[in-house]
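Let's take a walk through this structure together, one region at a time. Have the sequence and the 3D view open as you read.

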Amino acid sequence: MLRAALNRLFGMLVVMALVVTVVFVIVRVTPGDPAAVMLGPDASAEDIEQLREKLGLNGTILEQFANYVAGVLRADFGQSIFLGQPVTQALMDRAEPTFFLTIFSLLIATAIALPVGILSAYWRGSMFDQAATALAMFAASVPSFWLGLLFIQFFAVHLGWFATSGYGGPGTPLFERLHYLVLPAFALGLVSSALITRFTRASMLDVLNDDYVRTARSKGMGEWRVVLKHALKNALIPILTVIGLTAALLISGAVVTETVFGLPGVGNLVVSAVLRRDYPVIQGALLVIAGLYVLVNFGIDMLYLLIDPRVRY
Amino acid sequence: MTLDADTILSVRDLKTWFVTHRMTAKAVDGVTFDLKRGETLAVVGESGSGKSVTSLSIMGLLSRPGAIAGGSILFRDRKERVHDLAAFGPKDFRKIRGREIAMIFQEPMTSLNPLYTVGDQIGEMIALHEPVSRSEARSRALEMLRLVEIPDAASRLDDYPHQMSGGMRQRVMIAMALACGPSLLIADEPTTALDVTIQAQILDLLRRLQEQFGMSILFITHNLGVVAEIAHNVVVMYGGRVVEQAPVNDLFAHQRHPYTKGLLACTPNATRDISPDGERQALYSIPGSVPPITALPPGCAFEPRCKFALKACREAPPPLVSAGVGFSRCIRSAEL
């Protein structure tokens, strides 16, 4: 177990090293002088030189790489060009709404998908199964921003239960800030639940016909125990995989939803950085998002190990 | 619902049908047999003969669209109460399964849950039916592993199924099945997936455990060699019906149905098949194949493959009649 974890950890480091290298290379292969591109045609030579210095574009390529890696290791991704603050600080300031939005939408998606998927498989072909399948198809085809707009219209504007957008001003208590996340979390969660539901159903259908499920029944246990203890645990590996992938997608994919709901999250930061060519921010955000992806995958791998004694790394 | 005092299971005119809107498959169609206390009854037949469906009907483990369409399955529990399992609902079965009737299956590789240790799976059986603590369940599971002669049982208790061989897994299945001391064990082809040497060990073990616990065994198999090893009485099935029934010695001495004769002739036999000068005889096989259960001939189900068939055999299904000490579903049984 420990050995497998170390193995995976090593794999993670290799992936991160690759990501860091790729992010470094991207800026260097941008045609022309990135500093000049960023500042536009009207910039003076001094301004460009100053920005080159700031971006760490002076010196040999190896020196640049060494400086850059040293910075990354200290969690120093440089200075944002437009925000007037370090990239790390900018990311930290915007991490909270994105973090909670991801967690809540994932919880909502899973809370819907697991029971619906399990019951769909158990009652295969029933009215329930057909209705669930139709709803999942619908949820999968609806863009989350459209669902978000619909939610705003109905729950915020019409019923007035929630604010239409934003995340409260500075000094708003945590609980109130979280209140702003209810609508976006449901919009994202409902859409993400479709895929997890389909995977849960398919995976459960596979195992419900397995011999050990029949053995479990022959021991005289109740149906729910058969389904939840003996079948579900065996069905869990593909389900966990898709939950992990969904989590990773949510981290990076909440951009649109954040924009619709006016949430000051990482997604929002990345969008404005791209529009303004704020390279240090883009690089920093890329690294953080890639890091979270890798972490989520590591977590899923560890869960595999806990669930299935046959898994070896 | 009367049952002889020494009869533990009485299947009477059992009909298990698979009904869909397109067709009705009568997988089991009027099967009758009795199983006495402490005895082994072998149910023999090819794939599609209805032998497995019969055992699943007794356990209430039929999967849709299979359902019991008629007849009764009388079972005497340890408190001498007689139940009709054919009329049981899911809740009733939970009290019988595992505790009164246990089952082992053909595939030991897939019949155990790969994600739980064998100790857990045996312990779970005990905890389901008896008020035991975790540690009691564990020590009982260990006791059961020793009983089925798993070497170094204490160290295997925390093994997962994939760490064991097929023979060992079947021993674990047996340990689990017998953990609550059931009075009836249904063994559905328990040795079919195993090597011959392992097969013999498992049969030996079952025989010894039967002597020790006095349980009855309903042994489903297609292998007449295995029948000779373990059974007291034999039921031969074909096309969802019983075609012959007899005590094991009488059956091997004198078959009263052409199908049983054919089955026995199909069984490889070294002394018969190789003559002293080393010449090999061609192995006999019954001509034709088992008809699909949805398209049985109107008369005797075996008639199209039978070399003794008469015109009368094609007209109506023959009844099961007394033949020798047993029964045969053949109008020419007296001549055979």
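This is a predicted model: local features need pLDDT of at least 70, side-chain atom pairs count only at pLDDT 80 or more; totals for chains, interfaces and linings use all residues.

The buried residues of H5(B) are Ala137(B), Arg140(B), Ala141(B), Met144(B) and Leu145(B). Viewed down the axis of H5(B), these buried residues fall within an arc of 145°, so they line one face of the helix. The general rule behind such a pattern is that an α-helix has 3.6 residues a turn, so residues three or four places apart point the same way. The cover over the buried residues of H5(B) includes helix H4 (118-129), helix H6 (153-156) and helix H7 (166-178) of chain B.

Just after H5(B) comes Glu149(B), with a positive phi of about 60°, although Glu149(B) is not a glycine. You will find Glu149(B) in the loop between H5 and H6 of chain B. Glu149(B) counts as partly exposed because it has 15 C-beta neighbours inside 10 Å.

Chain B holds another residue of this kind. Glu80(B), also not a glycine, has a positive phi of about 65°, and its place is the loop between E4 and strand E5 (82-84) of chain B. With 8 C-beta neighbours inside 10 Å, Glu80(B) counts as exposed. Elsewhere in chain B, a cis peptide bond joins Arg64(B) and Pro65(B), with omega about 0°. Pro65(B) lies in the loop between helix H1 (51-59) and strand E4 (66-76) of chain B.

Leaving aside residues up to four places away in sequence, Leu218(B) touches Leu9(B), Leu35(B), Leu41(B), Val43(B), Ser55(B), Leu184(B) and Ile186(B).

Next, chain A. Its domain assignment gives domain 1 (2-73) and domain 2 (98-307), and 33 Å separate the centres of the two, taken over C-alpha atoms. Their contact takes 15 residues from domain 1 of chain A and 13 residues from domain 2 of chain A. On the domain 1 side, helix H1 (2-29) and helix H2 (34-39) of chain A each give two or more residues, and H1(A) gives the most, with 10 residues. By class, that side has 14 nonpolar, no polar and 1 charged residue.

Finally, how many residues does each chain bring to the contact between chains A and B? Chain A brings 18 residues and chain B brings 22 residues. Helix H10 (211-218) and helix H11 (223-253) of chain A each supply at least two residues of the chain A side, and H10(A) gives the most, with 6 residues. The chain A side has 4 nonpolar, 6 polar and 8 charged residues.

Of its 8 residues, 6 are buried, so H10(A) is largely enclosed by the rest of the structure. The buried ones are Tyr212(A), Arg214(A), Thr215(A), Ala216(A), Arg217(A) and Ser218(A). After H10(A) comes Gly220(A), whose phi is positive, near 90°.

Technical notes
Residues are numbered from 1 along each chain as its sequence is written. Chains are lettered from A and ligands numbered from 1 in the order in which they are written. Two residues are in contact if their C-beta atoms, placed from the backbone, lie within 7 Å. Helices (H or I, at least four residues) and strands (E, at least two) are DSSP runs, numbered from the N terminus. Ala, Val, Leu, Ile, Met, Phe, Trp, Tyr, Cys and Pro count as nonpolar, Asp, Glu, Lys and Arg as charged, and the others, Gly among them, as polar. A residue is buried if 20 or more other C-beta atoms lie within 10 Å of its own, exposed if 12 or fewer, and partly exposed in between; C-beta atoms are placed from the backbone. The arc is that of the directions from the helix axis to the C-beta atoms. Domain bounds come from an automatic or database domain assignment.
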